Amino acid sequence: GELQPKVDALPKQKVLEQDLQLLFHVKSDESKLAKNAESTVEGEKFVKEFKTKEEETSAKIQNQEQEIASLKSQLISSATLIEVGEWFSKKQNFADNLVKEKNNFEANKKSIENLDEKLKNLEIEKLSEEIVKLKSEKEKLQNQKNKLEVSKQLSHYSTELHDGKACPLCGSEHHPSIAVFEDVSNDLKVLEEKLLALSEQLESLEQKTKEAERFQQEKVLVSQQGKLLQNSIETVEKQISDLEKIFIWKDFSKDQFNDFKNRKAENQNKEFQLKTKDKELETSRTELDSIRKKLEKANQRFHEISNENLEFKTKIASNKVLLKELNPNDYSEKTESEVQLQLENLKQENQNTETVWNHLNTEIQEIQVKLSSENTKREQFQKQVSDLNLQLEKIQNQLNENLEKSDFADLD
């Protein structure tokens, strides 16, 4: 009795269930719209923040590019620095050679002066005169020595002469008048000492003469070297002069090597700054590219949200149109969870009613099957009874006929 009203109301309950299902979808899409709205607000904040970053980074890149352009305009080309550096290197080499040759030339002059001084000290002319004088004196002394040696020998001979003994000079054995000679040994000794002293003086003077000759030869060689050095100095000076004529770099002075070194160092420092600035610019460009990619991604997400919102609104409108019993305004204050809970409860209730109803229908069908089976059995039994009655009647008739034939008709 309680089930029948529920069963009768089940079609309408099913319609309500479908309406609640539609309202649940409406609420779900409205929740998604609300989330998208929150995402849009957050996204707009994100976009605003990164737009500011994009502007700041773009301005930073512009400043960096200007600084790099300014540094590049101040740079001296490496080729120019190499050329100027090689020019100064050549000039320095020439200058070093010039100093070296001049120093050698000065040393050469001093060597000549020293040789001149030595030659002056040796007094060559006087030395020659002295040698001539000593040689003449030596010759005289030698003549005197020779005479004394003859006298000494004759004295020796005279003392050795005896009659009967041959004279070593004439060979005669008779010596009627033997000359008497003085003993000159002492005179000869004094003379030999003088000759020895004179020979030593002469040898000394001759040594000095040889030394003077050596000095003169050396002076000739040194003078020749001096001329070569002078020629070398003139050659180097011409090389420097020729080199200075080909100095074509207006930004530098050929006489200011230190200025060149300072500007080269400054240029190297600027090149280092330029490399640093290039790296910073590359980092800034990478950062700007990253910012723009994030903005592009955000704008793409905005576009996706816009399409999603359009889809959600279309589905909401479509689902509201499909409602048959329920008014969406009655559920405006309800949450998605509340509608879902109501839907699940109604589904469960309808499912329970259907389950009970289906169970009863199953039992009724089983009973009907059993009744049908019993009716069939009853009909079969009645048919059997009818068949048996017919057979009994046939048997009775047959029996009667047989009794009549056997005269037992009156046996009743």
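**Exercise 1. The aromatic pairs**

Task: State how many aromatic pairs a search of the whole structure finds, and describe the pair formed by Trp-87 and Phe-247.

Solution. The model is a predicted one. Searching the whole structure gives nine aromatic pairs. In one of them, Trp-87 and Phe-247, the ring centres are 4.6 Å apart and the planes stand at 70 degrees. Planes over 60 degrees apart count as edge-to-face, so the pair of Trp-87 and Phe-247 is edge-to-face. The two partners come from distant parts of the chain, 160 residues apart. Trp-87 belongs to helix α2 (residues 78–122), whereas Phe-247 lies in the loop between α4 (185–245) and α5.

The next step concerns accessibility, where buried means under 20% relative accessible area. Trp-87 has a relative accessibility of 3% and therefore counts as buried. Phe-247, with a relative accessible area of 14%, is buried as well.

A further edge-to-face pair is formed by Phe-252 and Phe-260, with 5.6 Å from centre to centre and 70 degrees between the planes. Phe-252 counts as buried at 9% relative accessibility, and Phe-260 counts as buried at 3%.

**Exercise 2. A cluster, and charges over rings**

Task: Determine which residues are linked into a cluster by ring pairs, and which ring Arg-263 lies over.

Solution. The cluster linked by ring pairs consists of Trp-87, Phe-88, Phe-247, Trp-249, Phe-252, Phe-257 and Phe-260. Phe-252, a member of this cluster, has Arg-263 over its face, at 4.7 Å from the ring centre. Another arrangement of this kind involves Lys-53, whose charged end sits over the ring of Phe-50, 4.5 Å from the centre of that ring.

**Exercise 3. The packing of two helices**

Task: Describe how helix α1 packs with helix α5, giving the angle, the distance between the axes and the handedness of the crossing.

Solution. Two packed helices are described by the angle between their axes and by the distance between those axes. Helix α1 covers residues 3–74 and helix α5 covers residues 257–321. Their packing angle is about 160 degrees, and their axes are 7 Å apart. Because angles over 145 degrees count as roughly antiparallel, α1 is roughly antiparallel to α5. The crossing of α1 with α5 is left-handed. Sorted by class, the contact between α1 and α5 has 19 nonpolar, 14 polar and 24 charged residues.

**Exercise 4. Contrasting two positions**

Task: Locate Leu-288 and Ser-337 in the helices. Is each residue buried or exposed?

Solution. Leu-288 is placed in helix α5. With 9% relative accessibility, Leu-288 counts as buried. The C-alpha atom of Leu-288 is separated by 8.8 Å from that of Ile-61, although the two residues are 227 residues apart along the chain.

Ser-337 is found in helix α6 (residues 336–405). Exposed means over 50% relative accessible area; Ser-337, with 54%, is therefore exposed. From Ser-337 to Ser-28 there are 309 residues in sequence, but 9.2 Å in space from C-alpha to C-alpha.

**Exercise 5. The chain as a whole**

Task: State how many helices and strands the chain has, and what percentage of its residues is buried.

Solution. The chain has six helices and zero strands. Along the sequence, the pattern reads α-α-α-α-α-α. Of the 412 residues in the chain, 23% are buried.

How values were computed: Residues numbered from 1 in each chain as written. Predicted model: local features only at pLDDT ≥ 70, side-chain atom pairs only at ≥ 80, totals over all residues. Heavy atoms only, no water. Axes fitted to C-alpha atoms, helices over the stretch in contact; angles between N-to-C directions. Helix = DSSP H or I, 4+ residues; strand = E, 2+ residues; numbered from the N terminus. Parallel < 35°, antiparallel > 145°, perpendicular 65-115°, else oblique. Left-handed = near helix turned anticlockwise from the far one by under 90°. Nonpolar A, V, L, I, M, F, W, Y, C, P; charged D, E, K, R; others polar. Buried < 20%, exposed > 50% of the residue type's maximum accessible area, 1.4 Å probe, protein only. Phe/Tyr/Trp six-rings, centres within 6.5 Å; stacked < 30°, edge-to-face > 60°. Lys NZ or Arg CZ within 6 Å of the ring centre and 35° of its normal.
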